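Take a look at the structure shown here. The report below goes through its surface, its charged pairs, its core and a few backbone details.

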Amino acid sequence: MQYIYENFTFPPDQSFTVRSEILEIKKYTALKSHVNFEIALLENCSGKRFIGDHIQDFDGPELVLLGSYLPHCWQYYKAADPLIPTQAVVINFFPDFLGKELLEKPEAKQLNLLFAKAAKGVLFTGNTLRDAKMIMHQMLYVSGLSRVALMIRLLDVLAQSESSVVLSSPYYNTVESSGEAKKINKVFDYIFQNFKDDIVLQDVADLIPMSSAAFCRFFKRSTNRTLIDFVKEVRIGHSAKLLLEGHHNVAEACYNSGYNNISNFNKHFKEIKGLSPRDFIRQYEDKEKNGIGAQSL
């Protein structure tokens, strides 16, 4: 299988994200990994799961916690009930989303043990699955501190679970320690620190080091996107954050995100976000008025 390293950015008004998505009944052929943790609830489907070096069939709802850089993929074979959509509720977060101080408290001992197990993937069943499912569905319809409270409750349910199993073998090391992941992370760090300036292909390739041609093949294989596309996504993501914070107009967001041409900025923004910058702001404001929040932006 192909490995794809995903870059995931959080909206400016959220320290973690919750989303619901419809699953396609098909065999996915790429193992994905990302720096953030993930809690995935899969419903009304059966298939095969790939977590680290773990491979197993699954049937019915399942709940999995994934740690940083843990390769994962699900292949969906059929819906348990063809009249009901197959869906996933996915939460992406970092363990210290409420601050590192919380994890240093004695009350967080079980939580830290849970996060340690996440490096190999954890499957939850029984009452834990039932209780977590209820909480995760509630999280889709609330925002602000109400969602944060539910997130803490969810993590406590998982940390206290007596019906969980670690998926990957004791000898499995996550891709975080592999040379390829370290190379990709070095590139990501460089782009995040320098996206407001001109990015020169050979300068990035020298970080590895590789020739420009070899680097382009390596980056495309590892991330399923070109370097140009990745830089574009980072710049547009940053500009969207500036616009949602409300302290910058479109022109200021453009020039503070590495662009020196409004026309090019508008074109790229619509390409990435599906909306012009002004329509993007209007949609966010409408969602705020309706109490939906910005999770779908």
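Predicted model: local features only at pLDDT ≥ 70, side-chain atom pairs only at ≥ 80, totals over all residues.

Leu98, Leu102 and Ile152 make a nonpolar patch on its surface. The patch covers about 240 Å².

Leucine 102 sits in helix 1, which spans residues 100–103. Its relative accessibility is 39%, so leucine 102 counts as partly exposed.

## Salt bridges

Side chains of opposite charge can pair when their charged atoms come close. How many salt bridges does the count give? It comes to 9.

One of them joins the side chains of arginine 130 and aspartate 131, with N and O 3.0 Å apart. Arginine 130 is exposed, because its relative accessible area is 51%, and the cut-off for exposed is over 50%. Aspartate 131 has 26% relative accessibility and is partly exposed.

## A link between two helices

Glutamate 271 pairs with lysine 232 in another salt bridge. Their closest N and O atoms are 3.0 Å apart. This pair links distant parts of the chain. Glutamate 271 belongs to helix 10 (residues 262–273), while lysine 232 belongs to helix 8 (residues 227–245). The two residues are 39 residues apart.

Are the two partners buried or exposed? Glutamate 271 is partly exposed, at 47% relative accessible area. Lysine 232 is buried, at 10%; the cut-off for buried is under 20%. Both residues also belong to a network of salt bridges, which links Asp229, Lys232 and Glu271.

Aspartate 279 and arginine 282 form a salt bridge through their side chains, at 2.6 Å from N to O. Both lie in helix 11 (residues 277–289). They are 3 residues apart, which is about one turn of the helix.

Aspartate 279 is partly exposed, with a relative accessible area of 35%. Arginine 282 is partly exposed too, at 45% relative accessibility.

## The nonpolar core

In soluble globular proteins, nonpolar side chains tend to be buried together. The largest nonpolar core here has 33 residues. Which of them touch the most other members? They are Ile39, Ile91, Phe93, Met151 and Leu154.

Several elements give two or more residues to this core, including strand 4 (37–43), strand 9 (87–93), helix 3 (126–139) and helix 4 (144–159). Helix 4 gives the largest share, 8 residues. Now look at leucine 154. Leaving out residues up to four places away in sequence, leucine 154 touches Ile39, Ile91, Ala132, Ile135, Met136 and Met139.

## Backbone exceptions

Most residues other than glycine have a negative phi, and most peptide bonds are trans. Some places in this model depart from that pattern.

Where is the cis peptide bond? It runs from isoleucine 208 to proline 209, with omega near -5°. Proline 209 is in the loop between helix 6 (201–205) and helix 7 (212–223).

Asparagine 44 is not a glycine, yet it has a positive phi of about 60°. This residue is in the loop between strand 4 and strand 5 (45–51). Asparagine 44 counts as buried, because its relative accessibility is 14%.

Tyrosine 69 is not a glycine, and it has a positive phi of about 60°. Its place is the loop between strand 7 and strand 8 (72–79). Tyrosine 69 has a relative accessibility of 11%, so it counts as buried.

Conventions
Residues numbered from 1 in each chain as written. Heavy atoms only, no water. Patch = residues over 30% accessible without salt bridge, like charges linked within 9 Å, V, L, I, M, F, W, Y side chains within 5 Å. Areas by Shrake-Rupley, 256 points an atom, 1.4 Å probe, with all protein chains shown as cover. Salt bridge = Lys/Arg side-chain N within 4 Å of Asp/Glu carboxyl O. Helix = DSSP H or I, 4+ residues; strand = E, 2+ residues; numbered from the N terminus. Buried < 20%, exposed > 50% of the residue type's maximum accessible area, 1.4 Å probe, protein only. Core = buried A, V, L, I, M, F, W, Y, C linked by side-chain atoms within 4.5 Å. Contact = heavy atoms within 4.5 Å.
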